[in-house]
Amino acid sequence: MRSDVFNMDCLDYMKELPDKAFDLIIADPPYGINAPNMKMGEHDGYMSTATKCKKGRLNSGGGKLKDRVLNQSDCSWDCEPPKQEFFDELFRVGRNVIIWGGNYFHLPPTRCVVCWDKEQPWENFSQVEMAWTSFDMPAKMFRRGSRGGSVPDMRTIEKIHPTQKPVELYAYLLKIFAKEGNTIFDPMMGSQSSRIAAYKMGFDYVGCELDKGYFDKGCERFDRECKHITRIGGGKIVKQLTFFDS
Ligand SMILES: C[S@@+](CC[C@H](N)C(=O)[O-])C[C@H]1O[C@@H](n2cnc3c(N)ncnc32)[C@H](O)[C@@H]1O
């Protein structure tokens, strides 16, 4: 079983690959909206994010937010969306592609979007996230709080990245969109939630992360969560783990 990760620019990595090297790519690129610093009532346009980034508005933290990971991190990677070349390479090396933040990028029309409802108890800018997919299937809805949301047990989950998505969300995507024997690629792993889900479900996996700090923390998290696991099903695809039940 393959679980290979690289601390490098995913574009450099993809350029070396043949066409359709991966069965499924699940990408979560910077949306270019400086998401970690967005605040209700100060929406002065997504296009001015470079300016917002320079302000570093919430990174120093304050009030209830001061201990949150996003306020202790360098979030400059979210100031600019990826260039068109990144998307061209995704579609060249992937047979199928899922792109988080699909509503922020110029992508072809699709009927099959995935909506992640974070079940937030109050109105804010991160109530819902949307993924674009290359599949021609009915749209999907995943309802689960992220850490800090309304679901108490999610608050105990270790958070090492400011835009960390739950392992359960990636497991949901793999359950629906991946087939046995598929190799999954995440070009921008962040916390490595996608890697943990793929490993636990028995999929071959390759991932890249540019930032050395996130890369190291992600690898440590992966080791903590996965290295002790005796592979369920001896490497066969496992789609019935408990986190699918609710
Ligand atoms: C939105 S975050 C991904 C969060 C991830 N889905 C998670 O659950 O933790 C985007 C990540 O892409 C990384 N990144 C940005 N540009 C990159 C590039 N060219 N190659 C690889 N990683 C990159 C950033 O360092 C950041 O960690």
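These notes cover the sheet, the helix packing and the ligand shell of a predicted model.

1. The sheet. Eight strands make up an open sheet, ordered E1-E8-E7-E2-E3-E5-E4-E6, and the pairing is mixed. Strand E1 (3–6) and strand E6 (140–143) are the edge strands; each has a single partner strand, so one side of each has no neighbour in the sheet. From one strand to the next, the twist averages 15 degrees.

2. Strand E4 (residues 113–117) runs parallel to E6 and is joined to it by 4 bridges. Within E6, Phe142 is the bridge partner of Trp116.

3. Helix on the sheet. Helix H3 (residues 84–93) lies across two strands, E2 (22–27) and E3 (94–100). Its direction is at about 140 degrees to that of E3.

4. H4 against H5. How do helix H4 (residues 167–177) and helix H5 (residues 193–201) pack? Their axes are 8 Å apart, at an angle of about 55 degrees. H4 is therefore oblique to H5. The crossing in which H4 passes H5 is right-handed. On the H4 side the contact is made by Val167, Tyr170, Ala171 and Leu174, and on the H5 side by Ser193, Ser194, Ile196, Ala197, Ala198 and Met201. By class, the residues of this contact of H4 with H5 are 8 nonpolar and 2 polar, with no charged residue.

5. H5 against H6. The axes of H5 and helix H6 (residues 212–226) come within 10 Å, and the two cross at roughly 30 degrees. Because an angle under 35 degrees counts as roughly parallel, H5 is described as roughly parallel to H6. This crossing of H5 and H6 is right-handed. H5 contributes Arg195, Ile196, Tyr199 and Lys200 to the contact, while H6 contributes Phe222, Glu225 and Cys226. The contact of H5 with H6 holds 4 nonpolar and 3 charged residues, and no polar ones.

6. Charge in the two H5 contacts. The contact of H4 with H5 has no charged residues, whereas the contact of H5 with H6 has 3. Ile196 of H5 is listed in the contact with H4 and also in the contact with H6.

7. The ligand shell. Which residues come nearest to the ligand? Of the 20 residues around the ligand, these are Asp28, Met188, Gly190, Ser191 and Leu210. Divided by class, the shell around the ligand consists of 9 nonpolar, 6 polar and 5 charged residues.

Notes:
Residues are numbered from 1 along each chain as its sequence is written. This is a predicted model: local features need pLDDT of at least 70, side-chain atom pairs count only at pLDDT 80 or more; totals for chains, interfaces and linings use all residues. Two strands pair if DSSP finds at least two bridges between them. Axes are lines fitted to C-alpha atoms, for helices over the stretch in contact, and angles run from 0 to 180 degrees between N-to-C directions. Two residues are in contact if their C-beta atoms, placed from the backbone, lie within 7 Å. Angles under 35 degrees count as roughly parallel, over 145 as roughly antiparallel, 65 to 115 as roughly perpendicular and the rest as oblique. A crossing is left-handed if the near helix is turned anticlockwise from the far one by less than a right angle, and right-handed if clockwise. Ala, Val, Leu, Ile, Met, Phe, Trp, Tyr, Cys and Pro count as nonpolar, Asp, Glu, Lys and Arg as charged, and the others, Gly among them, as polar. A residue is near a molecule or strand if its C-beta atom, placed from the backbone, lies within 6 Å of it.
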